[in-house]
Amino acid sequence: MNRPLASTGWILVTTLILVLAFIPLDPFLSTRAQELPEGIVAFNRLITDFGTFGWMIYVSGLVLAVAFILQRAVGQAPFQRKARTVRNLAAYFLLTIGTASVLVHVLKFLIGRARPELLVDLGAYSLTPFTGDTLFESFPSGHSTAAGAFFGAFAMLLPKLRPLFFVMALVIGVSRVIVGAHYPSDVAAGLLLGLWTSMMVAFLFAKRGWLFRADEGGWPIPKRTGSRP
C-alpha cells in the first residue's frame, strides 16, 4: 500500500466530512462565538496570532542556518552529530511550515471566500476568487493551517504527546472563529491541511533517513522510538 497516498485519502475524506458538516452551521456558530463574554474573546485575541507563518518560518530558518554553520565550524564529532540533528529538526519545521504556507495561500486565492465580517453584506457562502484581497481569503484559515503544521510536526516527532499537540492546534483554530476572522469550516480545513503537510514531509524525511524511519507498515516514526503514528 502507498502510505502517503493512503494518508492523503483519509485526511481528504475527513476534511470533506467536517467542512460539509460545518458549512450549514457556519453563520450561526460564527455569530454565537463572537457573542461570548468579553473576557473569553479578549483571551482569544491574545493567543490567536500565535498561528502566524512569519515567526515560525523565521525562527526555524535561523536555527537551521546556525546549526549548519556550527556543524561546519566545529570539528568535534559528538558536537557535529548534535548540530546535524538540530539542523534536520529545523529543516523539518521549515519545510513543513513553508509548504503549508504556499498551499493555503494558493487555495485562498483560488477559492476567494468572504470573511465573517462581510456576513451581513454578502452572506456566509460568497465566493470571489482571484481578487488577492484578504477580505476574500477566508477559506482555508491560514492561522489554523500554520497551527496544524507546527503542532502536527511536534506530534510526528513526539507521539506520546500527540493528544496535547492536537488540542493546542485546535485552541488556535477555535480562536479564529471567536475573534471573527474565520468560519468553523475554514478552521477545520486549515487544521487538516497543516496536519497533512507535516505528515507528507515526515514521509519524505523517513525515505532519506532524516529524523524518521519507516516502521513495518511504512509509516514514518521518530528514529528513537518504535511507536506508530
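1. Helices here are DSSP runs of H or I with at least four residues, numbered from the N terminus.

2. Please keep in mind that this is a predicted model, where local features need pLDDT of at least 70, side-chain atom pairs count only at pLDDT 80 or more, and totals for chains, interfaces and linings use all residues. Residues are numbered from 1 along each chain as its sequence is written, and side-chain values use heavy atoms, without hydrogens and water.

3. Helix 8 takes in residues 162–178, 17 residues in total. From first to last C-alpha the helix reaches 25 Å, close to the 24 Å expected at 1.5 Å a residue (1.5 Å times one less than its number of residues). Just after helix 8 comes G180, with a positive phi of about 85°.

4. Which residues of helix 8 are buried? They are R162, F165, A169, I172, G173, S175, R176, V177 and I178. Buried means under 20% relative accessible area, exposed over 50%, and partly exposed in between, using a 1.4 Å probe and protein chains only.

5. An unreviewed UniProt entry annotates "transmembrane region" at spans including 139–157, 164–181 and 187–206; such annotations may be inferred rather than shown by experiment. Residues 139–157 are 84% helix, with end C-alpha atoms 28 Å apart. For residues 187–206 the values are 100% helix and 29 Å.

6. Elsewhere, F109 sits in helix 5 (residues 77–111) and is partly exposed, at 35% relative accessible area.

Terms used
Helix = DSSP H or I, 4+ residues; strand = E, 2+ residues; numbered from the N terminus.
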